[in-house]
Amino acid sequence: MANVVVIGAQWGDEGKGKITDLLSRSANMVVRYQGGVNAGHTVVVKDQTFKLHLIPSGILYPETECIIGSGTVIDPQVLIQELDTLKDLGISTENLLISEGAHVTMPYHRIIDGAAEKKRGDHKIGTTGRGIGPTYADKSERNGIRILDLLDSKGLAQQLERAIENKNVLLEKLYELPPLDPEQVIEEYRAYAERLRPHVVDCSLKIYDAIQKKRNILFEGAQGTLLDLDHGTYPYVTSSNPVAGGACVGAGVGPTMIDRVIGVAKAYTTRVGEGPFPTELKDEVGEILGDRGAEFGTTTGRQRRCGWFDAVIGRYAVRINGLDCLAITKLDVLDGLDEIKVCVSYDIEGEACNDFPTNARKFAHCRPVYKTMPGWKQSTEDCRKLEDLPAEALDYLKLLAELMEVPIAIVSLGAARDQTIIVEDPIHGPKRALLYPHSNLKSV
């Protein structure tokens, strides 16, 4: 039995969907613990591509229970669209469970999100405009609508009448937008409630029962470590906690119940939206990475900014999350390059910096200090064992493991399930020492 957290070790978009899908083969339950429809997971199975925003990737395995936890915010309209899409594709959603404590994204959240971002002008954050921030804001202000409130038809009407009355003042006076019709919203969300009612459970109790029965549980977060509300590159962050500690809060389990934490990182770095990005490449190499990696956001379709691997933020992710091992994705995107650079430290106005600066102003002035590695100039897409990799590619992986002081368990070489090298089973394999882990890289 193992309870494993899968987190993004960069700014999100690291390929967590594929890794979660791979690990779900060994999981009895997959729990999404934070975020909302601002996240996107892409999973490729044979000739089908699945793009999921709320439903955990484990839904593709019919025997796996999937839970949307209390720490998430749920847009019922989008969730129902996903349910319908999966049904049309022949994928059962009977095992999808929704926490009664999760908060609900309402129409006014989406409208306010877009209007507020527009009003920021040159100081925009880069929000997806899906209403996530305003939903979490209402949760913090104790004005939110939860799933359990959604199921109480009479109580929902009373709550929404008060909420929409207040939000309409904001829409009309601050943003100069038309007001919402309370009756229309109430009727719309009553219909959503009846559709979702059979899936609603006490999330924490359900997970605890599974732990007591010694089942394998996979906790998946959205976004990545550097987008964490408390530990990311604030203010260019999301509105929740994607870090490993967020799994305990968002799922409702104690920290002693977590056995292992797996970080997912691309073999290079990408970022969507605004904010500093020390290793960003605004040249031909950056374009090559973007084109080969198909770097467009699953949720927004926005083009991702691309740059070299940043070991400074990688070490930070190891520390903040307590990572046991890594999954490195998209190694194949680096195929054919003459040379590959890795940021090993920063220079801040002439001063060396080996650790991630949490001061946003200092981070904005970081300049990368690179170590240059030779490229392998051949395809890795068909490699299925470490010994199949070109020597230069293996050396590159060893360098990443050494710089981050954490073993590499999985190497992904494409979008398909079978384009993967399993170095060590992250769920059933033994934990290994973090010091000089690259010396232990052996295929299993």
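Predicted model: local features only at pLDDT ≥ 70, side-chain atom pairs only at ≥ 80, totals over all residues.
Both faces of strand E1 are covered, with Asn3, Val5 and Ile7 buried on one side and Val4, Val6 and Gly8 buried on the other.

**Strand E1**
- Because six of the six residues of E1 are buried, the strand is largely enclosed by the rest of the structure.
- In a regular strand the side chains alternate between the two faces of the sheet.
- E1 pairs in the parallel sense with strand E10 (residues 217-220) over four bridges, and Val4 stands opposite Leu218 in that strand.
- E1 also pairs in the parallel sense with E11, over five bridges, where the bridge partner of Val4 is Arg260.

**Helix H11**
- Helix H11 (residues 311-321) is mostly covered, since eight of its 11 residues are buried, among them Ile313, Tyr316 and Asn321.
- The buried residues of H11 pack against several elements, including strand E1 (3-8), strand E11 (260-266), strand E16 (339-348) and helix H13 (391-404).

**Cys248**
- Cys248 lies in helix H9 (residues 245-251) and counts as buried because its relative accessibility is 15%, where the cut-off is under 20%.
- Leaving aside residues up to four places away in sequence, Cys248 touches Val253, Gly254, Pro255 and Ile258.
- Cys248 and Ile313 are 65 residues apart in sequence, and their C-alpha atoms are 23 Å apart in space.

Key:
Residues numbered from 1 in each chain as written. Heavy atoms only, no water. Helix = DSSP H or I, 4+ residues; strand = E, 2+ residues; numbered from the N terminus. Buried < 20%, exposed > 50% of the residue type's maximum accessible area, 1.4 Å probe, protein only. Contact = heavy atoms within 4.5 Å. Pairing = 2+ DSSP bridges.
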